[in-house]
Number of protein chains: 2
Amino acid sequence: MSNLDVGKLRRYASISREAARPGVINLNPIQRGGLLPEEVQKILIEFKDGYSICDFCLKGRIDKIDKPPVSDFLSDLASFLGMDVVRLVNRSRDAIFVILMALKKSRGGSAVVLDSNAHYSTYLAAEAAGLEVVEVPNSGYPEFKVDLGAYKDAIAEAEERTGEPPVAAILTHADSHYGNLNDPRPVSELCRKLGVPFILNAAYTAGVMPVDGRELGIDALVSSGHKSWASSGPIGILALTSELAEEVLVPSSRFRDKELFLLGCPVLGAPLATLMASFPYVVERVRRWPEEVEKARWLVAELERIEGTRQLGVRPKEHHLICLETPGFHEVAKRHKKKGFFLYRELKARGIVGIRPGLTRRIKLSTYGLSEEELARVAEAFQDIARKYGLAVS
Amino acid sequence: MSNLDVGKLRRYASISREAARPGVINLNPIQRGGLLPEEVQKILIEFKDGYSICDFCLKGRIDKIDKPPVSDFLSDLASFLGMDVVRLVNRSRDAIFVILMALKKSRGGSAVVLDSNAHYSTYLAAEAAGLEVVEVPNSGYPEFKVDLGAYKDAIAEAEERTGEPPVAAILTHADSHYGNLNDPRPVSELCRKLGVPFILNAAYTAGVMPVDGRELGIDALVSSGHKSWASSGPIGILALTSELAEEVLVPSSRFRDKELFLLGCPVLGAPLATLMASFPYVVERVRRWPEEVEKARWLVAELERIEGTRQLGVRPKEHHLICLETPGFHEVAKRHKKKGFFLYRELKARGIVGIRPGLTRRIKLSTYGLSEEELARVAEAFQDIARKYGLAVS
């Protein structure tokens, strides 16, 4: 055994977060849709142990547990998403990886088509599954709009390069860079016609805005509980049509009741308990999506009053994730002794966190779930900092 | 959008657990080593949101975060295990899967050797990675002792069947069926000699008992935070020698700072925060392992006083997971109106849970971390139930 000093290790037991302090506003776009509602905290404590959901596992499958009602919950969740079957995994990327591994095995293809605003992890899932990537381009600066019409060419290119149809086409519903929202329908119609399974990465959409897989013609939808479903997480949602489920959720050859590519029972415990407990809250909040879009637009207008600040991505905003170029703040950073960290510090002094520490050239933030008063505090804080450093505010 | 009734969905927000009630003793062997210490509950709340660890992510890699000190923690954790590099994943099985995928790619083999007491998920990880399984036999009823000497034959058989050495040999340190503890040394020595990477599945050992990978000659060690490290989980530990880490933690070809087979940043938030916070507690408790073995032996002796009851697996116990055949209780179940559930109910009436509901022919339980008073309560409860149904207690 090593000679670790337990006294020194005790610092790991006293870690804390600025963002967890009362009254602090967290603008991090990766976090706002995942924040655990106050009332779900008791469920987190009740189910704090890893196998807390499994006390009454009678069939050796977490998706078949009735006490607590996991089985009913998964079925309601599928119905909410307009899909047939739901399984839970660790992250959205694991859901994509599971689908790609399964489809590669069942169909034998060796390429996948994805949009060029896809999250880095989508590229990794493809590479780990041994698939070549064919990208659908976007329009570049400043809109970075994905050219949905180019899926047709990309699928053809994949076929040309590998001699087989791609195992799937993936579209990022709203991307993590610019918060551009894409309409899945033209892509789903094309995929249906060509017989290519269509995967929608709804990590930033399902759970915060209405998404109906059936209406959108999706074969597989993945989402993220800790990004957009107010779950403690990490937890990923893998939602499938019955048809694709037969191809993806194949049994192990030796343990016929275990699903091979999930490696048996996936996520359990607190991530699942909090996903369940937050579900009624999520179903309600999704109905208020139009208000959330208004909030994003309002803040963009307020922040664009600051010299040089400009929203990137499609205008006007159709999603809560906002990307801004902020050359004014970037100039300040160049001459500030804290460099790029000055903005983080100035915001923190005003009770606001979540802008990536050190960044000033481009910043990302989210307005999701903020109250009007909080929104006003955010706008004022940015404008106040701008004025302090001599930037004009119109 | 579906027509879900939010009122009905509210039941998901009021789920609860018998095992979480104060004073209840939980004997579930999958749970005892994972129970979150009372003092860590505040960390669970502080880090309740999915990206709570990532507020100060400056390098885009969770293992490089300094605030909270994730980077230092992983290094201390590696040192505690006598390994060089640690990464965290969702479950032990994912750690095995990551290793197998990487080794299959780097070495090109197509088989893996494992012991026949391996968890079902080890078989699934092998199958999902596209590997053929060659099993090392055990002695069968009643000891089920793995024949460590037979690894040599199994490796030879793998080579004969596939024309290549197996990508790895896996040994389950203590298995989930009988709690048999295996000495890794003869297998690690053989593997070193043959150049076959040796993976120890320490899901039921590291975190509850001393395990020093360097001393044991292990190339890769996997463990389970929610099984044996007092973490809320789910969280799996992937610990490697520097040498094997170079082969397993390969970068993505496109995103050079992201680890391909982990699909980028793996587990975060509450599972990681509680693993960190429980670490000093775990380091201390591991030193008390000899007392834990004594507890298991004491309870076995007490339960074997019940007519027909007999411990399965190697005797005397060297691990806290106990498997018993209980033909006396099984006879009672046959004539009881609750059938096999009678035992669960009788125990529950005595404030004891964790025996799998419905089982009476063979039961599994754990004494890990129980106080002397709790142990006595457990022994008395079983003996009392036995007497109530006319079984002799010597």
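**Close-up views of a predicted two-chain model**

**View 1. Helix H4(B) is mostly covered.** Twelve of the 16 residues of H4(B) are buried (under 20% relative accessible area; exposed is over 50%, partly exposed in between, with a 1.4 Å probe and protein chains only). Helices (H or I, at least four residues) and strands (E, at least two) are DSSP runs, numbered from the N terminus. This is a predicted model, where local features need pLDDT of at least 70, side-chain atom pairs count only at pLDDT 80 or more, and totals for chains, interfaces and linings use all residues. Residues are numbered from 1 along each chain as its sequence is written, chains are lettered from A and ligands numbered from 1 in the order written, and side-chain values use heavy atoms, without hydrogens or water. The buried residues of H4(B) include Ser92(B), Arg93(B), Asp94(B), Phe97(B) and Leu103(B). Leu100(B) is buried too. Just after H4(B), Gly108(B) takes a positive phi of about 80 degrees.

**View 2. Leu100(A) and Leu100(B) sit in the largest nonpolar core.** That core (buried Ala, Val, Leu, Ile, Met, Phe, Trp, Tyr and Cys residues joined through side-chain atoms within 4.5 Å) has 224 residues. Leu100(A) and Leu100(B) touch the most other members. Which residues does Leu100(A) touch? Among them are Val112(A), Ala125(A), Leu131(A), Val167(A), Ile170(A) and Ile199(A), not counting residues up to four places away in sequence (contact: heavy atoms within 4.5 Å).

**View 3. Chain A superposes on chain B.** A rotation of 180 degrees, with 0.0 Å of shift along its axis, does this with an RMSD of 0.0 Å (least squares on the C-alpha atoms of residues with pLDDT of at least 70 in both copies). The two copies are thus related as by a two-fold rotation axis. In chain A, the C-alpha nearest the axis belongs to Asn90(A), 3.2 Å from it. Both copies use the same surface: 100% of the contact residues of chain A recur in chain B.

**View 4. Thr360(B) is in a loop, yet buried.** The loop of Thr360(B) runs between strand S11 (352–353) and strand S12 (362–366) of chain B. Thr360(B) counts as buried, at 3% relative accessibility. Its neighbours include Thr326(B), Phe329(B), Ala333(B), Gly340(B) and Phe342(B), not counting residues up to four places away in sequence. His330(B) is another residue that Thr360(B) touches.

**View 5. Phe144(A) has a positive phi.** The angle is about 50 degrees, although Phe144(A) is not a glycine. Most residues other than glycine have a negative phi, and most peptide bonds are trans. Phe144(A) is found in the loop between strand S4 (132–136) and helix H6 (151–162) of chain A. Is Phe144(A) buried or exposed? Phe144(A) is buried, with a relative accessible area of 10%. In chain B, Phe144(B) has a positive phi of about 55 degrees. Phe144(B) is also buried, at 10%.

**View 6. Two cis peptide bonds in chain A.** One joins Gly233(A) and Pro234(A), with omega about 0 degrees. Pro234(A) lies in the loop between helix H9 (225–228) and strand S8 (236–240). Another cis bond joins Arg315(A) and Pro316(A), with omega about -10 degrees. Pro316(A) is found between strand S9 (310–312) and strand S10 (321–325), in a loop.

**View 7. Cys265(A) is in no disulfide.** A search of the whole structure finds zero disulfides over all chains (a disulfide is a pair of cysteine sulfur atoms within 2.5 Å). For Cys265(A), the nearest cysteine sulfur is that of Cys57(A), 5.9 Å away. Cys265(A) is buried, with a relative accessible area of 13%.
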